[in-house]
Amino acid sequence: MKGTAAAAAMGAAAPGAMAESAALGHVAPTKLSQFPYGAVELLEGRMREQFEANHEFFLGLDEDSMLRPYRMKADLPDPGEPMRGWYSPSDEFDPPNNMTGYIPGHSWGQYVSALSRAYAITGNKATQEKVFRLVREFAKAISPKFYEDYPLPCYTFDKINYGLSDAHE
């Protein structure tokens with residue numbers, strides 16, 4: 001590899017190599033900056049197919065089921081069906097024998113983040129509306145009781161905040 005491309009590749013792998021290359025006069029240092037998700041365009045191919053499949057999957061998730069763990073802890077009506085696995089509370093939770101119900105609601109923020117990013121890229125109004133509904137209904141279910149006896153409060157709190165930040169964008 002030669003020139004700028006090589007130095008940029010080295011910088012991505014080893015930031016010190018980029019500075020050293022720049023000091024030798026090969027490449028001017030590049031400032032990194034964030035760009036909006038809407039600036040991303042996936043061309044035809046596997047990545048786009050995967051994105052579209054994931055987008056459809058997230059659009060198909062039942063909102064009441066997604067909000068169920070939060071509504072349950074807030075003593076609100078929880079009409080959704082359990083999503084099962086680690087996501088939904090379970091009487092079967094018996095570590096280490098059965099981890100079903102381990103961290104209820106843990107991926108809600110990741111789902112909202114994925115939907116928000118998909119909206120930024122596609123402009124799909126159904127996706128935007130789903131994000132708005134999820135955030136609006138989540139706000140009604142916020143309760144300090146959610147984290148009582150919760151095994152991974154910081155992890156879930158972090159993911160919720162990422163999802164809400166992406167929804168805000």
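Modeller: The second largest pocket has a volume of about 310 Å³, where a pocket is an open set of points on a 1 Å grid over the protein atoms alone, reached by a 1.4 Å probe, with protein on both sides within 12 Å along at least five of seven lines, and the volume is the space filled by probe spheres set on the points, which are joined across faces, edges and corners. This is a predicted model, in which local features need pLDDT of at least 70 and side-chain atom pairs count only at pLDDT 80 or more, while totals for chains, interfaces and linings use all residues. Residues are numbered from 1 along each chain as its sequence is written, and side-chain values use heavy atoms, with hydrogens and water left out.

Lining residues, those with an atom within 4 Å of a point, number 14 for the second largest pocket, and F51, N54, A114, R117 and I121 lie nearest its centre. Helix α3 (46-60) and helix α5 each supply at least two residues of this lining, helices being DSSP runs of H or I of at least four residues, numbered from the N terminus; the largest share, six residues, comes from α3. By class, the lining has ten nonpolar, three polar and one charged residues, with Ala, Val, Leu, Ile, Met, Phe, Trp, Tyr, Cys and Pro taken as nonpolar, Asp, Glu, Lys and Arg as charged, and the others, Gly among them, as polar.

The largest pocket, by comparison, has a volume of about 410 Å³. Of the 16 residues that line the largest pocket, Y37, S116, A120, D166 and E169 are the closest to its centre, and the elements giving two or more residues to that lining are α5 (108-122), α6 (125-141) and α7. Here α5 gives the most, with four residues, and the classes come to eight nonpolar, five polar and three charged residues.

Helix α7 (residues 153-168) also holds S165, which counts as partly exposed because its relative accessibility is 42%, a class that lies between buried (under 20% relative accessible area) and exposed (over 50%), with a 1.4 Å probe and protein chains only. The C-alpha atoms of S165 and G109 are separated by 9.4 Å, although the two residues are 56 apart along the chain.
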